[in-house]
There are 4 protein chains.
Amino acid sequence: MSAILSEKAKKIGVLGASGYTGAELLRLLIRHPGVEIVLLTADRRAGQAMADVFPQFTPFRLPPLTALDTADWAALGLDLAFCALPHGTTQKVVGELLVRAPETKVVDLSADFRLADPAAYGRWYGHAHAAPDLQKEAVYGLTEIHRDKIAAARLVANPGCYTSCAELALIPLLRAKAIDPDEIVIDAKSGVTGAGRGLREDLLFAEVSEGFHAYGVGHHRHMAELDQEFSLAAGREVVVSFTPHLVPMNRGILSTIYIRAVQGAAPQDLHALLSKFYANEPFVHVLSFGKLPQTHYVRGSNLTFIGVAADRRRGRAIIGSALDNLTKGASGQAVQNMNLMLGLPETMGLDQVALFP
Amino acid sequence: MSAILSEKAKKIGVLGASGYTGAELLRLLIRHPGVEIVLLTADRRAGQAMADVFPQFTPFRLPPLTALDTADWAALGLDLAFCALPHGTTQKVVGELLVRAPETKVVDLSADFRLADPAAYGRWYGHAHAAPDLQKEAVYGLTEIHRDKIAAARLVANPGCYTSCAELALIPLLRAKAIDPDEIVIDAKSGVTGAGRGLREDLLFAEVSEGFHAYGVGHHRHMAELDQEFSLAAGREVVVSFTPHLVPMNRGILSTIYIRAVQGAAPQDLHALLSKFYANEPFVHVLSFGKLPQTHYVRGSNLTFIGVAADRRRGRAIIGSALDNLTKGASGQAVQNMNLMLGLPETMGLDQVALFP
Amino acid sequence: MSAILSEKAKKIGVLGASGYTGAELLRLLIRHPGVEIVLLTADRRAGQAMADVFPQFTPFRLPPLTALDTADWAALGLDLAFCALPHGTTQKVVGELLVRAPETKVVDLSADFRLADPAAYGRWYGHAHAAPDLQKEAVYGLTEIHRDKIAAARLVANPGCYTSCAELALIPLLRAKAIDPDEIVIDAKSGVTGAGRGLREDLLFAEVSEGFHAYGVGHHRHMAELDQEFSLAAGREVVVSFTPHLVPMNRGILSTIYIRAVQGAAPQDLHALLSKFYANEPFVHVLSFGKLPQTHYVRGSNLTFIGVAADRRRGRAIIGSALDNLTKGASGQAVQNMNLMLGLPETMGLDQVALFP
Amino acid sequence: MSAILSEKAKKIGVLGASGYTGAELLRLLIRHPGVEIVLLTADRRAGQAMADVFPQFTPFRLPPLTALDTADWAALGLDLAFCALPHGTTQKVVGELLVRAPETKVVDLSADFRLADPAAYGRWYGHAHAAPDLQKEAVYGLTEIHRDKIAAARLVANPGCYTSCAELALIPLLRAKAIDPDEIVIDAKSGVTGAGRGLREDLLFAEVSEGFHAYGVGHHRHMAELDQEFSLAAGREVVVSFTPHLVPMNRGILSTIYIRAVQGAAPQDLHALLSKFYANEPFVHVLSFGKLPQTHYVRGSNLTFIGVAADRRRGRAIIGSALDNLTKGASGQAVQNMNLMLGLPETMGLDQVALFP
């Protein structure tokens, strides 16, 4: 942790620190000049050091991993807690935390609070939400789109990695009614860390390396998020075609998006619209017209690169959107939201340059 | 080479044996029971052994690599020559070969004879064709689609890897007028060997590994082939949207194809149509409805796996098509065509089981 | 399976077909002209088709996966069974099988019968052997070294992948007393499939990709096999230094071996000795002096490539030995042993050319 | 660049910014709070922006790439120049630069000034050194070993990546006369970026992926550096056995080192000695006894992890040493040296946490 830590450093907890989003939070927070990590939980690894779970943290002084149910929220007095817990668990944990420590703010990286509509939640997850009041309170944490609400929120639902990637590219176009909402195809490709650190045969090295395939065709839960945010932006119901694929790499998402411009608009107009929308955003960079991004350019950084090119079919365009699923797609955006919620400069601690090669 | 070689073994030459398609031809031909390799050319490596260029061939007895212009076509009396030469060169070489040895048949793996229309050729390649008569004579070698013409041909233009993958999935549907030809999006992903063995910065390990990106957006030459074959199948002009991407792996292409069924047709109908079309094909396997293929399942084999699933948008479907770009996408299909052209069983020497893991 | 199958095809079972060595056995046996696969067991996947577990086998007609304890060994009348079961289980299964069907032969791919000495077995595995009579009967299946015994055996213990790689390189030198047995360092590197298909966090793609490390330092069980075979070859006790490493790739082992020649011998003498020893072996290829092998050259083939170079330190040499851990390191050597045991030509069904690139 | 830049920021140039070590220097320097990048040269890319060569730098304001021979060294008044130029070129460039701008300091990342002995230089490089006076003046830049000399130097020769990795592990042991200098075997494994961005067939993705091999056996130029530094540390001539291997990954070196302790010393003693030597070093971390490092733990950071374990052969030990070849093995150590040479805190700008997964 930085030497410039003062009395005023914000006190931060990471719940579920032994997974990949937990490790990525630590990578960013350890060097963040405005915070102090005071709590790390990891139920299966409680009692161990973070360095036992992720040896790259060996050189850093960090609190030990503890069990979640031993945390005394009131006594801890956290300024903010990141929840990187499995789906379902989170609703109960956050509920209890906010009762015991109402001053603590929460950025939740799970899917538990992303859907605002209780009916949609029930439809996609197969059960009623355990904390409907908090579901109502939660703010959807796509920073560039909901910045003001996030700054004022107590509970932020950090978006999914696929959804952040596609929404940053499409929401400005849908808001401007520049594209046909019924003609959106999102062909998305992700590195494997998006699936987490759980033990699954299909995530073994030998099952991923030297291969490529689609998955979750027709029923991936990120579809619910996309529908929600796109419908909100378009002012009408939107159902998109979304097909995720697994790339034999660790980090990165590239979404190739096929769209139809509304009558009279050219691909160049869509590019101009996006360029203007993101002109002053520190973490979204729109490439010059005709250039599409590579995931290499954003690995380990909090940036999203967006490109627009003409389709061969008149009136249609192709958008490429690339981000690091663990950074802007998860923990980086979570830190960005934390900065807003705690009144820190939005870019603080997020100036990592992409690691390439 | 097989011990069962007899006087009747066909005499085969491989022109351009030092590239990846050349190596793949040798991998297949060495174990092919009906042929004898009598000529290997590789201009830059002339005088060396094949084992110097690809040490995996060290255990096999093979002719030395020679310079192309030292070949005496008449004296060699080849039954068939595979051309795995760079684009442009091929037109001249094949022209001369067929003048000197009119009995020799040719399977050309370059793009030189794939476009039947001289105007289309000029538009995509920027110059007039050097052998317009042969261009007219050449048969497009997508075996399952043009089998009879291939069997009777002297010169076969082996299709491109991307095009084989997409055409096998779509031509039966276009012929049956089951889908809208104006609503085809082909999002294709390939391993790096599709780009050959040439020295390019963007093909270095460090530029490819741990990254993913689209390329050739709007202007990839395989588009010309797709347009030609799809227009032929549909009986009208077709212009498709086609976006290739580079996957950090060596072999394999997966095409994710978004289509709209004609009025009244369901995705299941498209699946039934493809299943029936390929029911008796040894090298094309249609998965059960709703399953999409992985490139793993075809690596090193001559198979194509095709799957059909419903899109979330009513009346639309998603097709996945997977093949090994070096085998069914290049050298395997070339051997399949050779078998037909020489009167050998079509599957001879092509019974490799995919290598996975 | 081959069309030339006749009444005389040998009846083969694969016990434990759902792992990687099981899949590799099928890849080889499906195209083997002398055998018929009549039994596939996989307890956790019983009732499924092999194509459900490994979809690359979809095009092939294979028996369904069954539970091991439903097998009626006498009625099946197998000519040979391959055991690809976990360690420990195997001793009991093989014991029962050979009681019920004494005419059936067995090639065991587990570690259960590799150690001939009951005391060594107990020391390395922490318990007494459950079938000590069979342990005594079993023949160590390093084909090139114990060919005659294997041909006459009923039960063959197929060697480990690391051990095959190092033993093929060193046993001829130890037998000839050409090197100092106390000065052997084996630095071995393997692809991940050597660890099998079990669910382990350290085998997840994200834990292996873009990284490299040693493991099992000082206590890997392959050490016991190495000690046994090297002591046998040297005619005295040998304890080697052996350090395995994990390479982010699927297949292949490369062992870099540091040795000291006995007084007066030069590295070139060691090379000459190995070249002569393997001059007529179809599956072991010794490169010219000074060249070391790559795993690429043997992927998917049953070959071992061995190279010898001079160390900078006088009187010392460096040996490189490369094989595919699933083929010559496991299932390919198992088929080679099967051929010997069943009186078939040793190379039958094993003429795969390496898949590179 | 950091917002805290003041009038006192040091003026820095990077000569040869278009290669991998150049990009890595920029990744580190952009966020370094004490410097300002005022010059970037890249002869083949002169006139372009750094973002054209490495698009990950698009969001940052950087000087344009210029041709080396247009630099006016006196006018630029650089505080320090990093030379990331090809071998041979460097001698002339540095010579001229230091004549024109004697106040400028230089950290050279090439091999040109690493060998102190003109005879050794001539023997390994085949020609006389072009700047023998500077060769004499240059200080070998292994920071933890030669810190004081580096702090006082005008010209520092940054060590090679392989050599840094092995020297940090062995020099303390050789200085303490704790190991036998005639019994050192260094089996080193590196990711591909160590070979740079030049166009070579053996560095293409398809030639590296899914394979593993040794190279430069017996004649790698890093041997000269190892001999020099080990002889210096041991106070007698040392010739080591060193074999580099290529790992299919981008970044990271792991050296597995086999050593013999001097009479009476145990592996634990060697571990204690290294632990004590590096107890207060910010960038070298010695693991607890018996644990060996992974390259994952250091990727993108300036750290070296060292582990010591017992060999099975009594009196011998195995050391693992891991670093990121582009960071501590090149550009990170160069920045560390820069900090010392310019009177900045040694760790400034080097607090990157490793990127894993």
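Q: Axes are lines fitted to C-alpha atoms, for helices over the stretch in contact, and angles run from 0 to 180 degrees between N-to-C directions. At what angle do helix α8 and helix α12 of chain A pack?
A: This is a predicted model. In chain A, helix α8 (residues 161-175) and helix α12 (residues 327-341) pack at an angle of about 95°, and their axes are 8 Å apart.

Q: How is α8(A) oriented relative to α12(A), roughly parallel or roughly perpendicular?
A: Angles of 65 to 115 degrees count as roughly perpendicular. The angle therefore makes α8(A) roughly perpendicular to α12(A).

Q: Which residues make the contact between α8(A) and α12(A)?
A: Two residues are in contact if their C-beta atoms lie within 7 Å. From α8(A) come C161(A), S164(A) and C165(A), while α12(A) gives K328(A), G329(A), A330(A) and Q333(A). By class, the residues of this contact are three nonpolar, three polar and one charged.

Q: How many residues of helix α1 of chain A are buried?
A: A residue is buried if 20 or more other C-beta atoms lie within 10 Å of its own. Helix α1 (residues 20-29) of chain A is mostly covered, with ten of its ten residues buried. Among the buried residues are Y20(A), E24(A), R27(A) and L29(A).

Q: What do the buried residues of α1(A) pack against?
A: Within chain A, they pack against β1 (10-15), β2 (35-41), α2 (50-53), β4 (80-83) and α12. A further partner is α9 (205-208) of chain C.

Q: Into which domains is chain A divided?
A: The division gives domain 1 (10-137) and domain 2 (162-325). Their C-alpha centres lie 27 Å apart. The contact takes eight residues from domain 1 of chain A and seven residues from domain 2 of chain A. On the domain 1 side of chain A, the touching residues are six nonpolar, one polar and one charged.

Q: How many residues of chain A are in contact with chain B?
A: There are 38 residues of chain A in contact with 38 residues of chain B. Several elements of chain A each supply at least two residues of this side, including β8 (185-190), β10 (241-246) and β14 (316-323). By class, the side of chain A that touches chain B has 18 nonpolar, twelve polar and eight charged residues.

Q: What rotation superposes chain A on chain B?
A: A rotation of 180° with 0.0 Å of shift along its axis does this, at an RMSD of 0.0 Å. The same surface serves both copies, as 100% of the contact residues of chain A recur in chain B.

Q: How many residues of chain C are in contact with chain A?
A: In this pair, 14 residues of chain C are in contact with 14 residues of chain A. The largest share of the chain C side, three residues, comes from α9(C). That side has eight nonpolar, three polar and three charged residues.

Q: By what turn can chain C be laid on chain A?
A: The turn is 180°, with a shift of 0.0 Å along the axis and an RMSD of 0.0 Å. The two copies are thus related as by a two-fold rotation axis. The same surface serves both, since 100% of the contact residues of chain C recur in chain A.

Q: Is P102(C) buried or exposed?
A: P102(C) has 10 other C-beta atoms within 10 Å, so P102(C) is exposed. Its place is in the loop between α4 (89-100) and β5 (105-108) of chain C. The C-alpha atoms of P102(C) and G77(C) are separated by 9.5 Å, and these residues are 25 residues apart along the chain.

Key:
Residues are numbered from 1 along each chain as its sequence is written. Chains are lettered from A and ligands numbered from 1 in the order in which they are written. This is a predicted model: local features need pLDDT of at least 70, side-chain atom pairs count only at pLDDT 80 or more; totals for chains, interfaces and linings use all residues. Copies are superposed by least squares on the C-alpha atoms of residues with pLDDT of at least 70 in both. Helices (H or I, at least four residues) and strands (E, at least two) are DSSP runs, numbered from the N terminus. Ala, Val, Leu, Ile, Met, Phe, Trp, Tyr, Cys and Pro count as nonpolar, Asp, Glu, Lys and Arg as charged, and the others, Gly among them, as polar. Angles under 35 degrees count as roughly parallel, over 145 as roughly antiparallel, 65 to 115 as roughly perpendicular and the rest as oblique. Domain bounds come from an automatic or database domain assignment. A residue is buried if 20 or more other C-beta atoms lie within 10 Å of its own, exposed if 12 or fewer, and partly exposed in between; C-beta atoms are placed from the backbone.
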